[in-house]
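I begin with how the strands pair.

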Amino acid sequence: MLTAVRDPQPWAPADALVAAVRVGPFIERAHPRPGDDHDSGTIAVALIHPGAGHAAACLHGRRLGYTDRSWLRCETTTVLGTRQLACTMLTHAAANLPLPDDIGMTPAHYGVHAEARHADGTGCTLLRLGPYFQTWVASQEADRLTTELAGRAAAIVMPGFTVTVKDALFDVNGHESYSAPYVAHVAALLVRVQVRVRPDEDTPAASPSPCPGDRG
């Protein structure tokens, strides 16, 4: 246990390995969210009960607040290293203590993405909305916007492309590319976006590069 703390195994965001994260005087098991590995300063993690996978441990974890947190923004400076089994005894759960209300991490929640896709699967994200604080709210909003856009099909026209709206995980590292929910009318935003994206000259492509609409 002392070796695990004094000489931890190396860890990096791109490794996507379970990390040992300091929460006050304790060391918790943190599962990184896939895809949030391109910023070395902040990642999204879920704090998991050290005995997760066993029914009794899951019930214990719920009582101690491990299942109430969802995804959290985690500064990589708080990551001790790759989690080792010896760290189990250094968790709040091992001390039979609940996670504190303030663990030094803010929520990293969910988003809604509007995408333009070609029949061959190529395309790009036109607009991102978020964060939403519960996944069902993001899903409900995506359904509402899909229905609304269907009624405005004449306004949202990109020849050769289909505009779809879906709920997605909030990209904690790309938070600047999101527009705040409920602030602007999404259909009006998409009309403005599709004016800037001219399929005959700037066709969205299967590329990691964002199209102009990615900045809202």
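**Sheet.** I looked up strand β1 (residues 19–23) and found that β1 and β5 pair in the antiparallel sense over three bridges, where two strands pair if DSSP finds at least two bridges between them. Strands (E, at least two residues) and helices (H or I, at least four) are DSSP runs, numbered from the N terminus. Alanine 19 has threonine 82 of β5 as its bridge partner. I then followed the open sheet of five strands, whose order is β4-β3-β2-β1-β5 with antiparallel pairing. Because β4 (72–75) and β5 (79–82) stand at the edges with a single partner strand each, one side of each is left without a neighbour in the sheet.

**Basis.** I note that this is a predicted model, in which local features need pLDDT of at least 70 and side-chain atom pairs count only at pLDDT 80 or more, while totals for chains, interfaces and linings use all residues. Residues are numbered from 1 along each chain as its sequence is written, and side-chain values use heavy atoms, with hydrogens and water left out.

**Cysteines.** I searched for disulfides, meaning pairs of cysteine sulfur atoms within 2.5 Å, and the structure holds zero. Cysteine 87 is buried at a relative accessible area of 3%, and cysteine 124 is buried at 6%; buried means under 20% relative accessible area, exposed over 50%, and partly exposed in between (1.4 Å probe, protein chains only).

**Salt bridges.** I counted a salt bridge where a side-chain nitrogen of Lys or Arg is within 4 Å of a carboxyl oxygen of Asp or Glu, and the structure holds four.

One of them joins the side chains of glutamate 115 and lysine 166, at 3.6 Å from N to O. Glutamate 115 lies in strand β6 (residues 110–117) and lysine 166 in strand β8 (residues 162–169), so this pair ties together parts that are 51 residues apart in sequence. I found glutamate 115 buried at 8% relative accessibility, whereas lysine 166 is partly exposed at 39%.

I next looked at aspartate 171 and arginine 128, whose closest N and O atoms are 4.0 Å apart in a salt bridge. Aspartate 171 is in the loop between β8 and α4 (186–196) and arginine 128 in strand β7 (residues 123–132), 43 residues apart; both are buried.

Within helix α3 (residues 135–150), glutamate 141 and arginine 144 are three residues apart, so about one helical turn separates them. Their salt bridge has its closest N and O atoms 2.9 Å apart. Glutamate 141 is buried at 9%, and arginine 144 is partly exposed at 43%.
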